[in-house]
Amino acid sequence: MTKFATYTRTALLATAGLALAAGLAGPVTGDPATTQTAPSVVQSAPAFVAPHTADKPTVEQLMPLGEPTNQSSFTPSAEQMDNARKIVDAGKDMDLPPRAWTIAIATALQESKLENLGHLGERNDHDSQGLFQQRPSSGWGTVAQITDPDYSSKAFYKGLTQVDGWEEMPLTVAAQTVQVSAFPNHYAQWEKMAADIVTDVTK
């Protein structure tokens, strides 16, 4: 079995476990036919805990598998950068390492372009809202909760830390295991930008 196949199998098994715990959600705005799984208890202690330091994270910590190809980027606004900072701060509060921050920001870049989206009316994909396009109807929290960057970030991190081996997975596999997107490879394009943002907000 190849290393990627092992990662994929691990991701699928982890997704199944999350689905049994909380049930699958419906589509998210960033990917029109996607589903998500809500972590069972958002505020409980993460399964993986690694101490963080005040030092700026290294490239190896942010992208341990090397710099990816075929990357997308744009110039974020001050508001988008503030949302990214809140995602990183939530990860620090949970004592998660810089790799987790990169995965979370890349996921939010794909799902919402780091915009804390409310309901978009006819353009909304079911009841998905917030930075991570989480769904109240699937157990992620109330509308007020999932549109709170701190809460929604910690909900994402909770889902991530329930994935066995997430620290060694390609970013897109780790993100996909939490988000259960119909377009699982789309998260990969934001890894370099996410790492750059983490570097900027931890100066």
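**Exercise 1.** At what angle do helix α3 (residues 78-93) and α6 pack, and how far apart are their axes?

*Solution.* Start with the geometry: α3 packs on α6 at an angle of about 55 degrees, and the axes are 9 Å apart. Axes here are lines fitted to C-alpha atoms, for helices over the stretch in contact, with angles running from 0 to 180 degrees between N-to-C directions. The helices themselves are DSSP runs (H or I, at least four residues), numbered from the N terminus. That angle makes α3 oblique to α6; under 35 degrees counts as roughly parallel, over 145 as roughly antiparallel, 65 to 115 as roughly perpendicular and the rest as oblique.

A word on the model: it is predicted, so local features need pLDDT of at least 70 and side-chain atom pairs pLDDT 80 or more, while totals for chains, interfaces and linings use all residues. Residues are numbered from 1 along each chain as its sequence is written, and side-chain values use heavy atoms, leaving out hydrogens and water.

Next, who touches whom (heavy atoms within 4.5 Å)? From α3 come Asn83, Lys86, Ile87, Val88, Ala90, Gly91 and Asp93, and they meet Pro149, Asp150, Ser153, Lys154 and Tyr157 in α6. Sorted by class, that's five nonpolar, three polar and four charged. Here Ala, Val, Leu, Ile, Met, Phe, Trp, Tyr, Cys and Pro count as nonpolar, Asp, Glu, Lys and Arg as charged, and the others, Gly among them, as polar.

**Exercise 2.** Now try α4 (residues 98-112) against α6 (residues 149-161): what is the angle between them?

*Solution.* The packing angle is about 120 degrees, with the axes 11 Å apart. So α4 and α6 are oblique to each other. On the α4 side, the contact uses Ala100, Trp101, Ile103, Ala104 and Thr107; α6 brings Phe156, Tyr157 and Leu160. The tally is seven nonpolar, one polar and no charged.

**Exercise 3.** Work out how α3 sits against helix α8 (residues 191-201).

*Solution.* Their axes come within 10 Å and cross at roughly 85 degrees. The pair is therefore roughly perpendicular. Met81, Ala84, Arg85 and Val88 of α3 touch Ile197, Val198, Asp200 and Val201 of α8. Count the classes and you get six nonpolar, no polar and two charged residues.

Definitions and conventions
Helix = DSSP H or I, 4+ residues; strand = E, 2+ residues; numbered from the N terminus. Contact = heavy atoms within 4.5 Å.
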